[in-house]
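Here is a friendly walk through the model you have open.

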Amino acid sequence: TTANTNTNTITSTPMIVEPPANWPSNGKIEFRNVDMCYRDGPLVLKQVCFTVEGKEKVGFCGRTGCGKSSTMVSLFRIEELTAGQILIDDIDIATIPLNTLRSNLCIIPQDPVMFSASIRFNVDPFNMCSDSDIWEVLESVDMKAHVTSLPEKLNEMVAENGENFSAGQRQLICIARALLRKPKILVMDEATASIDMETDALIQRMVRDRFKDCTVLTIAHRLDTIFDSDQIAVMDKGKCAEFDSAKNLLEQGGIFKLLWTRHQKEHNKG
């Protein structure tokens, strides 16, 4: 890249450099005074600051439109920042090639992505692993017995949108796909919103157990889903208003306490 000597363009695009081969080795994520907007709209993230240590499990909550999903949009660089920095293992992600950044982040979305192809392809779309690796991850997400019972086993075809599997099973296949990649950073974006409480609890337990060496960011609508996280980030009007353990946040009596009290009332009514 040629250096730009024009003093008017001092905020030019950062130089893009491949990070070290083992990046990220720790999975530490730092948001430093992050501002972000969609195109020319108003700021949806305002001076967001927090640090997630490597291997920590952090839950994100807050009312609709508070900035939970926008935080992840900025992490994946779907929208570039208006101001501030996001660092992963002390490297500014704005300096990392987009493909390298995204291939090192793993996301399990609310609607699991399923391909109209074999189960093997759905778990290992890039054909990087052996059958024994695939069986191993299917076993670790409690899907081995079900897949073994199918006539074609790993070669069984997945119907369009995965309709021959339940919502919970589709999500477990997506988790198996993520496990196979051995990511250092995993984002769960409302991943259990359309699943019953029992399967939700199973998935949370599985994520804690199987991704224990991984930094996990969980956006959740149900507060029970994230209650056991190491830290909880409470987003409010585009800012990170609170950041602490659930126990400490309840004692402090702020926004999280209000959300939790309302959640408990609604839950008890149901």
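## Strands, a helix and some cysteines

In strand E5, Asp 92 is the bridge partner of Leu 87. Before going further, please note that this is a predicted model, in which local features need pLDDT of at least 70, side-chain atom pairs count only at pLDDT 80 or more, and totals for chains, interfaces and linings use all residues. Residues are numbered from 1 along each chain as its sequence is written, and side-chain values use heavy atoms, with hydrogens and water left out.

Strand E4 (residues 83-88) and E5 run antiparallel and are joined by 2 bridges. Strands here are DSSP runs of E with at least two residues, and helices are runs of H or I with at least four, numbered from the N terminus; two strands pair if DSSP finds at least two bridges between them. What is the order of the open sheet of 4 strands? The order is E2-E1-E4-E5, with antiparallel pairing. Strands E2 (43-52) and E5 (91-92) each have a single partner strand, so one side of each is left without a neighbour in the sheet.

Helix H1 (residues 68-75) packs on this sheet and touches strand E1 (29-37), E2 and E4. A contact means heavy atoms within 4.5 Å. The direction of H1 makes about 105° with that of E1; axes are lines fitted to C-alpha atoms, for helices over the stretch in contact, and angles run from 0 to 180 degrees between N-to-C directions.

Another strand to find is E9 (residues 231-236). Of its 6 residues, 5 are buried, so E9 is largely enclosed by the rest of the structure. Buried means under 20% relative accessible area, exposed over 50%, and partly exposed in between (1.4 Å probe, protein chains only).

Now to the cysteines. The structure holds 0 disulfides, a disulfide being a pair of cysteine sulfur atoms within 2.5 Å. For Cys 61, the nearest cysteine sulfur is that of Cys 66, 7.6 Å away. Is Cys 61 buried or exposed? Cys 61 is buried, at 1% relative accessibility.

Finally, a word on confidence: pLDDT, the predictor's confidence in each residue from 0 to 100, averages 88 over the chain. Residues 1-10 stay under 50.
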